Amino acid sequence: MANYDIIGNIVVVKFKRSDSKYKKNKWARDFLREHKNVTSVLEKTERFKGRLRVQKTRFLAGANTKESLYRENGCYFRFNVDTCYFSPRLASERQDIAKKVKKGEDVLVLFGGVAPFAIVIAKNSKAAMVTSIELSKACSRYAVENVKRNKLDGKVEIVQGDVRRKLPPMKKKFDRIIMARPNLKDSFLDVTFSRIKNKGIIHYYGFCYESELENMKSMIITEAKEVKRKVKLINVKKAGDIGTRRYRYRIDILILR
Ligand SMILES: C[S@@+](CC[C@H](N)C(=O)[O-])C[C@H]1O[C@@H](n2cnc3c(N)ncnc32)[C@H](O)[C@@H]1O
């Protein structure tokens, strides 16, 4: 059974190594026949990797494009599935965060990609302003387009650059920071703690085995102490599988002072 994600008009499918070319082409044709909204079939040939979390796909059937138009939580997103990380599996997570945002909050999304967190929050909450920081120029161009597409000019700001360089000089502090982290070693917590208000909340996404969860929680508390912030971990949630018994965890960090 092939493993796939439908991303708007595109389906990205991962076959088994042993699957023949004939089997892949047949699967693609059958899929297009059965899913009228999907017009392109791409085969995933390389998993998300590197700092920019990009994947590689190969065209299999239908319209030969890698650009998707995808709808989620009442918002539209356009992006290239090869040059921009995007996971439709995070749709309920984005809605969950949007529901937590209170009226008038200043929200910051780190590692913002094509701005799905920022746009879903701005559209579905009464946040005062949502800022999104993303390193990739390709993703940031799509993010700016997506803000316009969803009529959120003036409510969502896109900043292109490295979180480590862009965060420290920012003048304001935020009520809520979403760390939609890539699966990389750097926690980026030191710079994030410098821009969160007292009583603010950081939603930290980290990746580990269940047996390593306590270590991740201790790491967060230690990093907070190192920059003289006092925190309380108020919620831990599994926010997706990323392998056998390996998970994406969301840890909600309340800043006490
Ligand atoms: C896991 S993706 C999350 C994307 C997006 N938040 C989403 O949910 O679709 C991580 C993103 O972080 C970006 N990134 C990696 N290192 C970064 C850095 N130092 N500063 C800013 N963005 C970075 C990558 O380009 C990638 O788009």
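Visitor: What share of the contacts in the chain with a separation of 6 or more comes from residues 24 or more positions apart?

Guide: Happy to start there. This is a predicted model, where local features need pLDDT of at least 70 and side-chain atom pairs count only at pLDDT 80 or more, while totals for chains, interfaces and linings use all residues. Residues are numbered from 1 along each chain as its sequence is written. Two residues are in contact if their C-beta atoms, placed from the backbone, lie within 7 Å, and for residues 24 or more positions apart the share is 62%.

Visitor: What radius of gyration does the chain have, next to that of a compact globule?

Guide: The radius is taken over C-alpha atoms, and the globule rule is 2.2 Å times the number of residues to the power 0.38. For 257 residues that rule gives a value near 18 Å, and the chain agrees with it. The C-alpha trace spans about 60 × 45 × 30 Å along its principal axes. The radius of gyration of the chain is 19 Å.

Visitor: How many helices and strands are there in the chain?

Guide: Both are DSSP runs numbered from the N terminus, with helices (H or I) of at least four residues and strands (E) of at least two. By that count, the chain has seven helices and 13 strands.

Visitor: Which residues touch the most other members of the largest nonpolar core?

Guide: A residue is buried if 20 or more other C-beta atoms lie within 10 Å of its own, exposed if 12 or fewer, and partly exposed in between, with C-beta atoms placed from the backbone. A nonpolar core is a set of buried Ala, Val, Leu, Ile, Met, Phe, Trp, Tyr and Cys residues joined through C-beta atoms within 7 Å. There are 63 residues in this one, and those touching the most other members are Val-109, Leu-110, Val-114, Ala-118, Ile-121 and Met-179.

Visitor: Which helix gives the most to this core, and where does the core lie?

Guide: Helix H3 (residues 116-124) gives the most, with six residues. The domain bounds come from an automatic or database domain assignment. Both domains give residues to this core, so it lies between domain 1 (3-65) and domain 2 (90-255).

Visitor: Which residues does Val-114 touch, not counting residues up to four places away in sequence?

Guide: Val-114 is one of the core members with the most contacts to other members. Leaving out residues up to four places away in sequence, Val-114 touches Phe-77, Phe-79, Cys-84, Phe-86, Cys-139, Tyr-142, Ala-143 and Asn-146.

Visitor: Is Phe-111 buried or exposed?

Guide: Phe-111 is found in the loop between strand S7 (106-110) and H3. Its phi is positive, about 65 degrees, although Phe-111 is not a glycine. With 22 other C-beta atoms within 10 Å, Phe-111 is buried.

Visitor: And Lys-199, is that one buried or exposed?

Guide: Lys-199 also has a positive phi, near 70 degrees, and is a residue other than glycine. Its place is in strand S11 (residues 196-209). Having 10 other C-beta atoms within 10 Å, Lys-199 is exposed.

Visitor: Which residue in S2 is the bridge partner of Asp-5?

Guide: Two strands pair if DSSP finds at least two bridges between them. Strand S1 (residues 3-7) and S2 pair in the antiparallel sense over five bridges, forming a hairpin with two residues between them, where Gly-8 in the turn has a positive phi of about 60 degrees. In S2, the partner of Asp-5 is Val-12.

Visitor: Which residue in S3 is the bridge partner of Val-12?

Guide: Strand S2 (residues 10-14) is mostly covered, with four of its five residues buried. S2 runs parallel to strand S3 (residues 40-49), joined by four bridges. There, Val-12 is partnered by Leu-42.

Visitor: Which residue in S13 stands opposite Lys-238?

Guide: Strand S12 (residues 231-243) and strand S13 (residues 246-255) pair in the antiparallel sense over nine bridges. They form a hairpin with two residues between them, and Arg-245 in the turn has a positive phi of about 55 degrees. Opposite Lys-238 stands Tyr-249.
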